[in-house]
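Morning, everyone. I'd like to walk through charges and surface patches today. Have a look at the model first.

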Amino acid sequence: MKYCEKCKVKIRTNHEKCPLCQGVIQGEKEGTEEIFPEIKEKNYPGVLFFQCFTFVCIAVGVVSAMINYIFTPSLQWCFYAIAGVICIWVCTAVGLLKRRNLLKNAIWQEIVIAFISFGWDAFTGWHKWSFDYVLPCIGIVTVLFMIVISMIQKLKPQEYMIYFMIAGGLGLLPIVFLWIGIVKVEYPSILCSGFCFLFLIGLLLFRYHIVMTELHKKFHI
Amino acid sequence: MAKWRRLENAAKIFPATSGKRDSRVFRFSCELKETVKGEVLQEALDRAIKEMPLFQSVLRRGIFWFYLENSDIRPIVVEENRLPCSSIYIRDKRTLLFEVSYFKKRINFEVFHALTDGTGAMLFLKCLVSHYLTLCYPNVLKDKRLVSYYDATEEEKEDDGFQKYYQMIKGKKKLEKIHAYQLTGVKNGEEKFQIIEGVLSVKSLLEKAREQNVTMTVYLTAVFLCAIHKEMSKRQERKPVVLMIPVNLRKYFPSESCRNFFGWIDVGYRFHGEDSFEDVLKEVKEFFKKELTKEGLSMRMNDLISLEENPFLRVTPLGIKNIFMAAANRISERRETAVFSNMGAVNLPEEFAPYIRLFDVFISTPKIELCMCSYHDNLVLSFSSCLKSTNIERNFFRHLTGLGIEVEISTKLYE
């Protein structure tokens, strides 16, 4: 065991200098003993990927702006390119952030994509295609995606139930918009909300207790 | 259906404020006299978790609060492969909130604070170690399992002590605002907590404390205060040095819960240049006498709970609540300079004594924290710190060796 004259302490772990005062210590390495293992710094490949991805996104935006101003200064198309890149970046970022829980990820993606499509629709003449087609489509796709994922991952009721309920609930929105009068093309919204309504009724009928406990858990105040 | 339970009052802050700066993880280690066998430890863990199934839980988000849900994930023993006290709770990942690992002669039990407090964690480690030893030495320790050491029904183990002892008190005193002296300096980096621990004899320290007519905790609090004071400039002396001392509320409010049930007191001292150690000791002693009473602790406890009972706060969505709790936590951190956590003496049946050298505790911290734990005559004082500087630790241990007490130091430092 090693010893520091100044601190008057025995030193059990192996050090070149006194760990307390950084002074010279005496004694042999023999008899010293580590109590913690050497642990290498972890490298997360995901971080590098995200950095590269973010850089590429910014580069695409900048380059398209440069091309725009050099070759076609009269046409301001680069804003569309930049907006497109931002949308792709946001979706990817949300996807990565919520990667550990795919069902939660799906809910987030549904909401993000809905707002992105509203935005594009609004800035490209407000033809309401986001309400007519996008919203009902992602409504159905999300529910189907969740059913498939929970089957593949063999999730338990307490792991999927709340997301099923949220996705089913979001799927009822198209019929609300139809009723308010925003939706012009009716059949996608009717299909989506009808399907989601049945889905919710099914949950209530066949999984009543689980639905109720989940609601109680999630909403306890 | 999986059982679930609310987080108890003191636990609510932990998920909201855990992160890379402070992982809110603490580790209890037991050092044996022989090298730990992984397979046997796994077997012991399987048995221990059956005895205390409460620990087999995952943390989940509700709309308004986090909650714990029983899980059937089997805890797996690993050879130590993470930095001490690095994050265990990872958002969205449904993993257990504790980990059992081993390295050479040490069995480590690391746990996220939302799951339990020091007392609960020590109960689990004791259970684990005693299973391990009985499995390792079946001939000698046959039937020596601690059948009666933890006598509580499942319901009692799950008790929320805060709810049990909460009383609405009107017109209560507010805690005064204090800005304590804050340590600054180069940090080790995210999730890197520097550990310096000293092993010494309980008897020798107790002797010194008795000479001054104080308890060991009071004595060490004073030593810690003075160790910090030595690093302060004249200008910094305008602010008091305040130590937060967690208190096991079970001692004051009977409860068998193995969940969080702790409070704390803040022990402060305003230095004026040349205060002698005896001056500090005297004031600390008085302070403990005054603060460490059932009334004082219940006042603080009620204060905390009444905040939780606030109807507006309760119906605020969790995401927003987390932001507020993190901010409130930062503000309340200003009240303290450092933390001194006393786990007390570990009791296990005498038959186990020949196989165990010591128990030791440390905890993640955004400051510097001293934990104390003793087993037989081995007292372990472990500092965990986010700062690179070792000055306070040096001052502290030099004070003890200056009294003629033998100290053996082990460390985990970062380059």
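Is Arg47(B) buried, partly exposed or exposed? At 38% relative accessibility, Arg47(B) counts as partly exposed. The cut-offs: buried is under 20% relative accessible area, exposed is over 50%, and partly exposed is in between, with a 1.4 Å probe and protein chains only.

Some ground rules. This is a predicted model, where local features need pLDDT of at least 70 and side-chain atom pairs count only at pLDDT 80 or more, while totals for chains, interfaces and linings use all residues. Residues are numbered from 1 along each chain as its sequence is written, chains are lettered from A and ligands numbered from 1 in the order in which they are written, and side-chain values use heavy atoms, with hydrogens and water left out.

Back to Arg47(B). Its salt-bridge partner is Glu43(B), with the closest N and O atoms 3.2 Å apart. By salt bridge I mean a side-chain nitrogen of Lys or Arg within 4 Å of a carboxyl oxygen of Asp or Glu. Helices here are DSSP runs of H or I, at least four residues; strands are E runs, at least two; both are numbered from the N terminus. Glu43(B) is partly exposed too, at 34%.

Next pair: Arg82(B) and Glu110(B), closest N and O atoms 3.0 Å apart. This one links distant parts of the chain, 28 residues apart. Arg82(B) sits in the loop between strands E5 (78-79) and E6 (98-103) of chain B, and Glu110(B) in strand E7 (residues 106-112). Both residues are buried.

Arg24(B) and Asp22(B) also pair, at 3.7 Å between the closest N and O atoms. Both are buried. Over all chains, the search finds 30 salt bridges. One network includes Arg12(A) and Glu33(A), along with Glu31(B) and Lys105(B).

Now the surface of chain A. A nonpolar patch there has about 1000 Å² of accessible area together; among its residues are Ile58(A), Trp77(A) and Leu75(A). Patch residues have over 30% relative accessible area and no salt bridge; nonpolar side chains (Val, Leu, Ile, Met, Phe, Trp, Tyr) are joined within 5 Å, like charges within 9 Å. Areas come from the Shrake-Rupley method with a 1.4 Å probe, and for residues only the protein chains shown count as cover. Helix H1 (residues 45-71) of chain A gives the most, with seven residues. Leu75(A) lies in the loop between H1 and helix H2 (78-97) of chain A. Leu75(A) is exposed, at 54%.
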